[in-house]
Amino acid sequence: MDPLRKRLIDSGPVPFSDFMEKALYDDHGGYYSTNIREVGRIGDFSTSTTLNNSLANGVTSWIRKIWKQDKVLPHSIIEIGAGNGSLAKQIIKRIGFWSRLNLEYHIVETSEPLLKLQVQQLGKNKLLHWHKDPESALQSCSGKAVIISNELIDAFPVELIQWEQQTGKWRRVMVHSDNQEWTTLVGDDYEVPNNSSLLEPHNFKEGQRIERHDEFINWFHSWIGSWEQGHMLSIDYGDSFPNLYERRPSGTVRAYFAQNRFEQMHEILARPGHQDITSDIDFTDIRKRMLIDGLKEIKYQTQTEFIAENGVRTSPEDPSSNLHGAGEAFKVLWHRKI
């Protein structure tokens, strides 16, 4: 039996968030830690920046505008979770000769397989610096930088919770195996955080499941105080609450394996350590809970709107801006540290 699978079975019923964390990040068998092969058409999943250059060109244009408006901001870029390096490669290529002269490009990456892909993609370049955490990257920039991430939030383990109509409470979903198959059951009450979108009115029916990105929020607040000046762009798929869960009684959690998408729970749990597990982002919740003193939200828009606003011309069939695909599903969140 696969060692990671055995450890998960032996641990007994665990919260879905614990199962997902080990399936993705276990040091000795997690998907991102050891088993991810590639991101893109020949990998288990693709991102907008591995399909074409439209999004990368839009981000590059946005960065140039930021530097033009804020001339005292150092030309330091921090990309958190750089995938296979496609976005970084395009930004460095298109940022412009004069901007590149003073450019420092910092990548925060915890996955060793992805770090190797980035080095292969980007080569040896004195502009590039790798870090294990945002704090060390910010320290290298004296706390002043443009921070970008693409499909970062969805890579964090989520708390899967279920609505109990009778008590009006949310309950944590647990994962259990009888050595033959994985099943889920309802566990203890979920404590709703301050500023959560769950405090807003909703009409969910009994058994509705949704995901909470609590681990991302905790991680974000652990380092954001080290950021002193600059702008931040966060790009990911999701929607507002409660619209995100309309006609989705089982929530949005899913798995990707060999470019195949799996939404049934038995498939999501079937290959721990050998497939990606992810979910959509509740941007109503994220936007409320990310804010701290000195951090201002500048804009929230679709990826289509962002690409067009930054002067990138695309065709109706462009996968990055298609209104019936990634262009509408992906949202761009812009913050400024003031």
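Me: Is Tyr300 buried, partly exposed or exposed in this model?
Reply: Keep in mind that this is a predicted model. Tyr300 has 24% relative accessibility. Buried would need a value under 20% and exposed one over 50%, so Tyr300 counts as partly exposed.

Me: What kind of aromatic pair do Phe283 and Tyr300 make?
Reply: Their ring centres are 5.4 Å apart, with the planes at 45°. Planes under 30 degrees apart would be stacked and over 60 edge-to-face, so this pair is tilted.

Me: How many residues apart in sequence are the parts that the pair of Phe283 and Tyr300 ties together?
Reply: Phe283 belongs to helix α12, which covers residues 283-290. Tyr300 is in strand β15, residues 295-302. So the pair links parts whose separation in sequence is 17 residues.

Me: And Phe283, is that one buried or exposed?
Reply: Its relative accessible area is 1%. The cut-off for buried is under 20%, so Phe283 is buried.

Me: What about Tyr25 and Tyr32, which type of aromatic pair is that?
Reply: The structure holds 16 aromatic pairs, and Tyr25 with Tyr32 is one of them.

Me: Which charged residue sits over the ring of Phe257?
Reply: Look for a charged end 4.9 Å from the centre of that ring. The residue it belongs to also lies over the face of Phe262, at 4.7 Å from the ring centre. The one over Phe257 is Arg271.

Technical notes
Residues numbered from 1 in each chain as written. Predicted model: local features only at pLDDT ≥ 70, side-chain atom pairs only at ≥ 80, totals over all residues. Heavy atoms only, no water. Phe/Tyr/Trp six-rings, centres within 6.5 Å; stacked < 30°, edge-to-face > 60°. Helix = DSSP H or I, 4+ residues; strand = E, 2+ residues; numbered from the N terminus. Buried < 20%, exposed > 50% of the residue type's maximum accessible area, 1.4 Å probe, protein only. Lys NZ or Arg CZ within 6 Å of the ring centre and 35° of its normal.
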